[in-house]
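Please have the sequence and the structure at hand while reading.

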Amino acid sequence: MRRIHHRTCHICEANCGILVETEDRAVLSIKGDPDNPLSRGHICPKATALQDLQEDPDRLRRPVKRVGETWHEISWQQAFAEIGQRTRAILAEDPDASAVYIGNPNAHSYGNALNAEYLSKALHTRNKFSASTVDQMPHQVANLRLFGHASLFGIPDIDRTQTLIILGGNPMASNGSIWTVPDFRNRARELRQRGGTLIVVDPRRTETARVADRHLFIRPATDAFFLVALLKAVLARRPARPVQDFITGLADVAAALERFDAAACGAACGVAAEDIDGLAERMTQGPAVLYGRMGVATQAHGTLNAWLIGLINIAAGQLDREGGIVFPLPALDTLAILPPGSIGKHRSRVSGHRSVLGELPAAAMAEEIETPGPGRLRALFVVAGNPVLSTPNGARLDKALSELDLMVSIDMYRNATSRRAHYILPPVGPLERDHYGLFLLPMAVRTIAAYSPPTLAPEDGTLQDWEILRGLAGAITGEPVQAPTPRETLDALLRSGPYAVSLADVEAAPSGLDFGPPAEGRLPERLRTPDKTVACADPECLEALAALEVPETSAGHDGALLLIGRRHLRTNNSWLANSRRMTKGPNRCTLMIHPDDATARGIVDGETATVRSRAGSITLPAEVTEDIMPGTVSIPHGWGHGLPGIAMQTAKAYAGVSVNDLTDETAIDPLSGNAALSGVRVEVSAFEEATA
Ligand SMILES: Nc1nc2c(c(=O)[nH]1)N[C@H]1C(S)=C(S)[C@@H](COP(=O)(O)OP(=O)(O)OC[C@H]3O[C@@H](n4cnc5c(=O)[nH]c(N)nc54)[C@H](O)[C@@H]3O)O[C@H]1N2
Ligand SMILES: Nc1nc2c(c(=O)[nH]1)N[C@H]1C(S)=C(S)[C@@H](COP(=O)(O)OP(=O)(O)OC[C@H]3O[C@@H](n4cnc5c(=O)[nH]c(N)nc54)[C@H](O)[C@@H]3O)O[C@H]1N2
Ligand code: SF4
Ligand SMILES: [Mo]
């Protein structure tokens with residue numbers, strides 16, 4: 001029977017509404033849902049990858065166990081029993097020897113989000129690692145400092161602003177991040193049609209820069225200098241809309257900025273002082289907003305950057321304002337279910353990194369496995385993650401993983417990471433699960449509630465991620481988890497939410513229940529600071545500001561180039577690597593390099609180059625282009641599927657190499673534990689067989 005199912009695409013943060021046409025179990029088409037009030041019919045090519053993942057013969061359907069280098073299919077019963085027994089044996093010897101790593105797809109599965117805790121509680125572990133510390137942790141720390149809750153995110157009100165400045169984000173490729181903004185292209189077009197301006201500040205002339213009014217190059221990892229100069233220039237002006245009285249401490253910040261010379265800051269980051277002044281002018285006039293993302297978070301100054309971005313919006317009078325930064329009131333309020341967050345409750349064993357929101361830096365995982373002594377990690381549970389490809393110095397981690405006494409991956413592929421596991425436990429297919437955008441809808445440019453039931457019935461003998469998580473917890477403790485299903489919890493949370501709707505109400509609107517654009521003036525009631533103010537003069541950030549030294553620009557080059565990343569519209573980190581549709585077309589795992597830098601090194605477009613860093617070296621084809629700033633090179637992440645033991649046929653043919661064999665696990669933002677992936681110093685040379 002033919003049917004059209006309403007669904008939300010859960011691949012990226014945009015959460016687009018899709019229409020999946022099926023005939024029995026066959027998927028006939030995947031199209032955008034024009035009636036979805038948030039995505040308005042938009043989809044990107046990745047939506048169709050859902051079908052590839054669903055039908056992929058390489059996707060695991062049953063648990064597999066590794067004995068030596070041979071893999072055997074086993075029953076769920078056997079998998080849980082053996083893992084439970086092996087885990088208990090390890091913890092009996094050392095109760096601190098286990099850890100979890102929570103990967104990116106957990107943010108796209110409400111069932112995982114609500115159930116991952118059962119596993120870490122069963123393990124009694126404080127060794128929690130996640131993709132957050134190679135991503136957005138600095139933004140969360142800045143939220144905690146300014147607003148009293150790590151998950152209290154404000155978002156750019158793109159649909160009503162007049163000026164949007166994007167620093168270190170590329171929504172034309174990424175479809176937005178910590179900003180659920182499907183159909184960015186048309187929203188940006190509408191902004192410009194109503195006379196507004198889009199400005200991109202990025203070391204690469206990105207896809208977003210191409211649709212902008214203006215693009216300014218910035219030297220990698222120098223954003224703190226840019227932001228200091230911009231904040232100074234904003235503070236020197238009187239904003240058209242005055243700063244609200246629940247905001248305090250700006251005078252202290254201004255005093256701390258006095259010692260900085262705007263011209264020196266501009267010179268250090270490569271953005272002209274008059275351009276920075278022009279941006280300040282725009283920021284303080286009509287509705288305007290500064291948005292910073294991945295590129296500014298993954299730096300040694302990540303938290304300082306995120307805090308400064310917040311302060312610029314605040315000082316420009318754009319906080320909690322229509323057309324500026326708005327604070328949505330979602331149907332399911334994550335503030336009600338997540339703790340505000342704390343810093344430094346415990347420290348990592350080897351390097352003494354502080355815990356941040358209960359997590360230790362992903363970059364420190366390898367040393368925690370390698371370093372002998374009590375508390376050495378011997379049992380690791382990876383939940384929907386691929387840290388060998390996604391965390392800095394993945395090659396070191398890869399080697400460390402092979403030393404574990406027990407590794408369990410919850411994943412549907414035997415990939416670069418899970419090939420090291422002793423057990424891989426696969427969840428149901430991507431169309432066989434339900435979906436609610438628990439973490440993403442609260443950051444949407446239009447507030448909606450949308451629920452997707454499973455499009456296809458799960459195959460017999462398969463389990464949902466949340467059932468696997470509970471199964472593991474039960475097997476480890478010997479006590480089955482007794483709790484409401486995720487669906488029941490979802491219903492209860494919606495009912496107790498701000499709009500008091502039930503899941504049935506939401507399901508009655510298959511394209512999504514619409515609550516309209518976020519209203520301004522919501523922040524005071526949502527603030528979680530003790531005195532309900534936004535305290536700008538955060539002591540730790542001020543300390544970091546005081547320690548910031550502006551380099552002498554004359555301190556010149558020593559031949560090193562600075563490495564940055566990039567995303568392509570047809571990838572999603574590493575998890576679409578085996579999609580037939582997404583891998584078609586030219587090789588995208590290339591080294592982008594400026595013609596001047598290429599010529600100086602004898603590097604020719606299309607030919608192989610070698611890139612070296614402190615951590616390692618890789619070889620890949622060069623893509624010589626003026627779209628990248630001189631002195632900078634770019635390599636995308638999520639590649640490197642050629643390692644022995646990977647069982648992904650399509651991915652193997654488009655293996656690429658892993659940029660995280662170059663990134664540095666010792667480079668960390670001390671305020672958040674986030675990896676500094678941007679601005680890694682590398683040497684680049686033309687590839688010579690003899691040196692390979
Ligand atoms: N150099 C560099 N490194 C980066 C980045 C960068 O820009 N540059 N980006 C960083 C960012 S932002 C992130 S978020 C991280 C991502 O880091 P990770 O989360 O570690 O990596 P992913 O590639 O997203 O891997 C997700 C894994 O989950 C599996 N998976 C997909 N869907 C499901 C599901 O529903 N259930 C289960 N159980 N498994 C599933 C996939 O097969 C894949 O193995 O990478 C980071 N690493
Ligand atoms: N198609 C696609 N979409 C995705 C993903 C994907 O892999 N593919 N991943 C998803 C995930 S997990 C996330 S977190 C989001 C991320 O979403 P975005 O934050 O939009 O991520 P990127 O596209 O990596 O954009 C980062 C930008 O920062 C720039 N940059 C790098 N270093 C610096 C620097 O030092 N300073 C400045 N100012 N800029 C710098 C890069 O050139 C790049 O343009 O995307 C999500 N969406
Ligand atoms: S933009 Fe993101 S959510 Fe929308 S269709 Fe593409 S991958 Fe799916
Ligand atoms: Mo991410």
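## Domains

In this predicted model, the C-alpha centres of domain 2 and domain 3 lie 36 Å apart. The protein chain is divided into domain 1 (2-55), domain 2 (64-134 + 334-434 + 464-479), domain 3 (153-328) and domain 4 (561-691).

## A tilted aromatic pair

A pair of aromatic rings is described by the distance of the centres and the angle of the planes. Searching the whole structure gives five aromatic pairs. One of them joins Trp 179 and Tyr 291, which are tilted, with 4.6 Å centre to centre and 50° between the planes.

This pair links distant parts of the chain, 112 residues apart: Trp 179 is in the loop between α5 (171-174) and α6 (184-193), and Tyr 291 is in strand β13 (residues 288-292). Are the two residues buried or exposed? Trp 179 is buried, at a relative accessible area of 0%, and Tyr 291 is buried too, at 6%.

## A stacked aromatic pair

Tyr 499 and Phe 515 form a stacked pair, with 4.0 Å centre to centre and 15° between the planes. Tyr 499 lies in the loop between α19 (486-495) and α20 (503-507), and Phe 515 in the loop between β23 (513-514) and α21 (523-526), so the pair ties together parts 16 residues apart in sequence. Tyr 499 is partly exposed, at 25% relative accessibility, and Phe 515 is partly exposed at 24%.

## Other ring contacts

Trp 179 and Tyr 291 also belong to one aromatic cluster with Phe 184. Elsewhere, the charged end of Arg 259 sits over the ring of Phe 260, 4.1 Å from the ring centre.

Terms used. Residues are numbered from 1 along each chain as its sequence is written. Chains are lettered from A and ligands numbered from 1 in the order in which they are written. This is a predicted model: local features need pLDDT of at least 70, side-chain atom pairs count only at pLDDT 80 or more; totals for chains, interfaces and linings use all residues. Side-chain values use heavy atoms; hydrogens and water are left out. Domain bounds come from an automatic or database domain assignment. Rings of Phe, Tyr and Trp (its six-membered ring) pair if their centres lie within 6.5 Å; planes under 30 degrees apart count as stacked, over 60 as edge-to-face and the rest as tilted. Helices (H or I, at least four residues) and strands (E, at least two) are DSSP runs, numbered from the N terminus. Buried means under 20% relative accessible area, exposed over 50%, partly exposed in between (1.4 Å probe, protein chains only). A charge sits over a ring if NZ of Lys or CZ of Arg is within 6 Å of the ring centre and within 35 degrees of the ring normal.
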